[in-house]
Amino acid sequence: MKQIIHLPPVSHTEMVLPNADWHLGAVLCCDARLIFLLLFFLVTATSVSGQSCGSHGVAMQVLGSGGPELQDKRASSSYLIWEDGRARVLVDAGGGSALRFGESGAQMSQLDVILFTHFHVDHSADFPALIKSSWFEDRKRSLPVYGPMGNDFMPSTTEFVSDFFGDRGVYRYLSELLVPGEQGSYRIQPHNVQGTARPATVFRAGNLALSAVRVVHGGVPALAWRVEIGGKVIVFSGDTNGNGEGLPQLASNADLFIAHNAVPEGATGVERNLHMPPSVIGQVASQAHVKHVVLSHRMLRTLGKEDQTQAEIRKRYSGPLDFANDLDCFPVQ
Ligand SMILES: [Zn+2]
């Protein structure tokens, strides 16, 4: 079983200095206390920096492990990929994930790219909050955003971004981020990805390569993403009912496969048309020979059914299997 680190939010209270009077007394009266005080600072500094996910090597941190229901007490879908202490790739930005992003210790100026699987609310609602936060950071380089094409019911990625930040967008007061000719800001660079039946590479820079494949999620244009970084492979199913061969191909030999546990075994109708049950997750994991499965997008209809879910997956896949919680950190060995 690979290591999971359960991380509390990075807390500034741990950096609060000891009582000032006690501090003064230690300095004046007692060398032993002074030494203790110095040790206290050293230990505190170590524990604070040690909370950061992915400080060495590659790691995937779950920012949101829930679905759209607020009663699941989880942020909605969002994941962060760290490399050597830097947050490099954000996948989806569901409601609550902006708070988790801050709690993780990440900064928007660190990101190389943002990916969207699709534009349902529980995968995208905190995007403007994240972008606004970046306003207070010193980001100079452009920020690529990749996501699906649109249709009659859903915006394309370029429409999604411009509907927020274009010169007629909801948040047009931040249009400097998007509109050519305005000065003083970095630029958001949205790209529509024509999801194909077979995986296709859409971005490559340095040690980072991103591939996508079209997946079936009812009538919603949706992508699954493969992130290759530092020689490691992390694959996100996004929301899909699992139909087709694209997802197993995309997930081939992945070090980490994040699958969405949105419906229990036996689901029917609309639920099943949108999401893959545990048996299908197990089938994809087995077919793709993935090395570790993480189940996320946990909803009220699957929470509490972990034993049943695991049993169904185990009929087809026998490797490491974990249920995600917000801020869990999965180092990729
Ligand atoms: Zn969805």
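View 1. Helices (H or I, at least four residues) and strands (E, at least two) are DSSP runs, numbered from the N terminus. Helix H9 spans residues 278-288, and its buried residues are Pro-278, Val-280, Ile-281, Gly-282, Val-284 and Ala-285. A residue is buried if 20 or more other C-beta atoms lie within 10 Å of its own, exposed if 12 or fewer, and partly exposed in between, with C-beta atoms placed from the backbone. Residues are numbered from 1 along each chain as its sequence is written. The model is predicted: local features need pLDDT of at least 70, side-chain atom pairs count only at pLDDT 80 or more, and totals for chains, interfaces and linings use all residues.

View 2. Strand S3 (residues 78-83) pairs with S4 in the antiparallel sense over five bridges; two strands pair if DSSP finds at least two bridges between them. Tyr-79 has Val-91 in S4 as its bridge partner. Two residues lie between the strands of this hairpin, and Asp-84 in the turn has a positive phi of about 45 degrees. Strand S4 (residues 86-91) is mostly covered, with five of its six residues buried.

**View 3. From strand S4 through helix H3 to strand S5.** S4 pairs in the parallel sense with strand S5 (residues 113-115) over three bridges, and Val-89 stands opposite Val-113 in S5. Between S4 and S5 the chain passes through helix H3 (residues 97-104) in a right-handed β-α-β crossover. A crossover is right-handed if, with the strands pointing away from the viewer, the path from the first strand over the helix to the second runs clockwise.

**View 4. The buried face of helix H3.** The buried residues of H3 are Ser-97, Ala-98, Arg-100, Phe-101 and Ser-104. Seen down the axis of H3, these residues fall within an arc of 160 degrees (taken from the directions from the helix axis to the C-beta atoms), so they line one face of the helix. Their cover includes strand S2 (58-64), S3 and helix H5 (127-134). Just after H3, Gly-105 has a positive phi of about 90 degrees.

**View 5. Ile-81 and the largest nonpolar core.** Of the 80 residues in this core, Ile-81, Ala-224 and Phe-257 touch the most other members. A nonpolar core is a set of buried Ala, Val, Leu, Ile, Met, Phe, Trp, Tyr and Cys residues joined through C-beta atoms within 7 Å. Strand S10 (residues 222-229) gives the largest share of the core, six residues. Beyond its neighbours within four places in sequence, Ile-81 is in contact (C-beta atoms, placed from the backbone, within 7 Å) with Val-58, Met-60, Arg-88, Val-89, Val-227, Ile-229 and Ile-234.

**View 6. The open sheet of seven strands.** Its order is S8-S9-S10-S11-S12-S13-S14, with mixed pairing. Strand S8 (200-205) and strand S14 (321-323) stand at the edges with a single partner strand each, so one side of each is left without a neighbour in the sheet. S8 and strand S9 (residues 208-215) run antiparallel and are joined by five bridges; Thr-201 has Ser-211 in S9 as its bridge partner.

Methods
Contact = placed C-beta atoms within 7 Å.
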